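Hello,

Here is the structure I promised to pass on. Please open it and keep it beside you while you read my notes below.

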Amino acid sequence: MSDTPFVANRRQFLATTAAGLAVAGLPRFAIGAPTRIKVGLMLPYSGTFALLGNNITDGFRLRLAELGEKLGGVEVEFVRVDDESAPPKAKDNAAKLIVKDKVDVLIGTVHSGVAEAMVQVAKEEGTLTIVPNAGSNRITRELCAQNIFRTSFSNWQANHPCGDVVLKDGHRNVALISWNYAAGKEMMEAFKESFTAGGGKIAKEFMPDFPKDEFQAYLTEIASIKPDAVYTFFSGGGALKFIKDYAAAGLQGKIPLYGPGFLTDGVLAAAGPAAEGIKTTLHYAHALDNPVNVKFREAFKKATGREADVFAVQGYDAASLLAQGLTAVKGDIGAKKALYAAMEKAEIDSPRGKFTLSKAHNPIQDIYLRQVKNGQEVVLGVAAKAVNDPATGCKA
Ligand code: PHB
């Protein structure tokens, strides 16, 4: 893990890695109670979502550092896999961490398609898994399980509230554009559900393959259709490219741009003036004025040199959730029943505001309405309070 960007306390961090422990000559478990656990990070560290994987990792490690490099009294050893947001490699990557590296806990991943395959392996093997991003509805619906938790959102949750926002802004005819994979499809469906229920019409849908970022032809067609607004999900490198291309095509300020907040989080500074005016819904906002968020943002900046975003928050909260569970079982990762029960009941004091988990292990959370004004993500209000994913089909 020496190539990770987190440099806050390298000496302390080294002491908890395999290399550090080998040097110190310590056994992985002392006789009796376990003294440390192995955490597998299955995240994208390359490609369009690399930024997201790095911020999730650094958010997790920031929380661990705040807790004295221990979760529930046990030390943490990391094993990391770059999943490249590549669905065909997902099962092998999950199996490598679970079967070969024998991780106690899996933290992953960003891409919904990769996450669905990963979760199926984790379910079969009974490995505790915390999803720190991927919004696949299925993970906390049909695929839900005792050992699968999520600290992020469902694709439905982050997008459904935006249908009413767009209607209230007076737009009736909207074009959609997103990547053609699980998350893009579910996000567009969730928006359409509330938007069309309120009388909205879909002008046209464009679904380029993931992770394609050649948008020119679609933007030309959008300009000719002249919808009232455009609703979109892109994220990471693809989002930055889309925002810039949208402005360069002359559509900024002419056809208002909406989407879930993944569109601007992490890329706001790089997008510059091209992001002005974009309105989004999300379970987090940089400007939230609560003490946990203020402290978190300062600490993240100090540790990494970068601004925190929703992805860093989700990683940070994954460590908080695991810490609460392990504290309840005095660090005994083997006490699965009690561990999962404690995690299910956890109240997470998150930078997004306090949240609890549903029976399906998905956050119940407020969805904020944000808009980029003068280069800042301004909070316009709460678009929907205490949003709970319907968890259809979850039988666990
Ligand atoms: C997903 O694939 O679920 C996904 C990816 C990136 C995001 C949000 C969701 O920013």
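The ligand has 16 residues around it, and Val110, Ser112, Gly135, Tyr181 and Ser235 come nearest. Bear in mind that this is a predicted model.

Serine 112 puts a polar side-chain atom 2.6 Å from an oxygen atom of the ligand. Serine 235 also uses its side chain: an N or O atom there is 2.7 Å from a ligand oxygen. Valine 110 takes part through its backbone, with a polar atom 3.3 Å from an oxygen of the ligand.

How much of the ligand does the protein cover? On its own, the ligand has 280 Å² of accessible area, and the protein covers 100% of it. The ligand sits in the largest cavity.

What kinds of residue make up the shell around the ligand? Eleven are nonpolar and five are polar. None is charged.

Now the domains. Domain 1 spans 32–153 + 290–361, and domain 2 spans 156–282 + 368–387. Both give residues to the shell, so the ligand lies between them.

Last, the cysteines. The count comes to one disulfide, taking sulfur atoms within 2.5 Å as the rule. The disulfide joins cysteine 144 to cysteine 394, with 2.1 Å from S to S. The link between cysteine 144 and cysteine 394 is right-handed, with 90° about the S-S bond.

Over to you.

Best wishes

Key
Residues numbered from 1 in each chain as written. Predicted model: local features only at pLDDT ≥ 70, side-chain atom pairs only at ≥ 80, totals over all residues. Heavy atoms only, no water. Near = heavy atom within 4 Å. Polar contact = N/O pair within 3.5 Å; in protein donor to acceptor, adjacent residues only side chain to side chain. Areas by Shrake-Rupley, 256 points an atom, 1.4 Å probe, with all protein chains shown as cover. 1 Å grid on protein atoms, 1.4 Å probe; cavity = no way out; pocket = protein on both sides within 12 Å on 5 of 7 lines; lining within 4 Å. Sits in = over half its atoms within 2 Å of the grid points. Nonpolar A, V, L, I, M, F, W, Y, C, P; charged D, E, K, R; others polar. Domains from an automatic or database assignment.
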